[in-house]
Amino acid sequence: NELILYYIAIMAVSALFFLFLKKLWHKQVPSYFFLIHTAIVSWSGLMYFNIYFNTPLKDYAWYLDWIVSTPLIILALG
């Protein structure tokens, strides 16, 4: 269970890193690439946060994560 906290922290750092890369590579890579990836890790981190802290969304967090993250991942791959 404690590993989820590390996973949430890694997702937060990843989201910040994507925003940093957006500023660094803004001329080479379109901005939407970084925004999509930031949204994916932020959303997943938020859902894992709900799971760890037993919020009312806990029972639905896995599904909400899949419903939002999967289309965004497919969009990012496209």
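Biologist: Why are helix 2 and helix 3 called roughly antiparallel?

Modeller: Helix 2 (residues 31-52) and helix 3 (residues 61-77) pack at an angle of about 170°, with their axes 9 Å apart. Angles over 145 degrees count as roughly antiparallel, under 35 as roughly parallel, 65 to 115 as roughly perpendicular and the rest as oblique, and helix 2 and helix 3 are therefore roughly antiparallel to each other. This is a predicted model, in which local features need pLDDT of at least 70 and side-chain atom pairs count only at pLDDT 80 or more, whereas totals for chains, interfaces and linings use all residues. Residues are numbered from 1 along each chain as its sequence is written, and side-chain values use heavy atoms, with hydrogens and water left out.

Biologist: Which residues of helix 2 and helix 3 meet?

Modeller: Taking contact as heavy atoms within 4.5 Å, helix 2 contributes residues including Ile36, Ile40, Trp43 and Met47, while helix 3 contributes, among them, Trp62, Leu64, Val68 and Leu72. The residues of this contact divide into 15 nonpolar, 4 polar and 1 charged.

Biologist: What makes Leu5 partly exposed?

Modeller: Leu5, placed in helix 1, has a relative accessible area of 32%. Buried means under 20% and exposed over 50%, with partly exposed in between (1.4 Å probe, protein chains only), so Leu5 counts as partly exposed. Leaving out residues up to four places away in sequence, Leu5 touches Tyr52 and Phe53.

Biologist: Why is the pair of Trp25 and Phe34 called tilted?

Modeller: Rings of Phe, Tyr and Trp (its six-membered ring) pair if their centres lie within 6.5 Å, and planes under 30 degrees apart count as stacked, over 60 as edge-to-face and the rest as tilted. By this rule there are 8 aromatic pairs. The rings of Trp25 and Phe34 have centres 6.4 Å apart and planes at 50°, so the pair is tilted. Phe34 is buried, with a relative accessible area of 1%, whereas Trp25 is partly exposed at 40%.

Biologist: What is the largest nonpolar core?

Modeller: A nonpolar core is a set of buried Ala, Val, Leu, Ile, Met, Phe, Trp, Tyr and Cys residues joined through side-chain atoms within 4.5 Å. The largest has 7 residues, namely Ile4, Ile8, Met11, Met47, Tyr48, Ile51 and Ala61, and helix 1 (2-24) and helix 2 each supply at least two residues of this core.

Conventions:
Axes are lines fitted to C-alpha atoms, for helices over the stretch in contact, and angles run from 0 to 180 degrees between N-to-C directions. Helices (H or I, at least four residues) and strands (E, at least two) are DSSP runs, numbered from the N terminus. Ala, Val, Leu, Ile, Met, Phe, Trp, Tyr, Cys and Pro count as nonpolar, Asp, Glu, Lys and Arg as charged, and the others, Gly among them, as polar.
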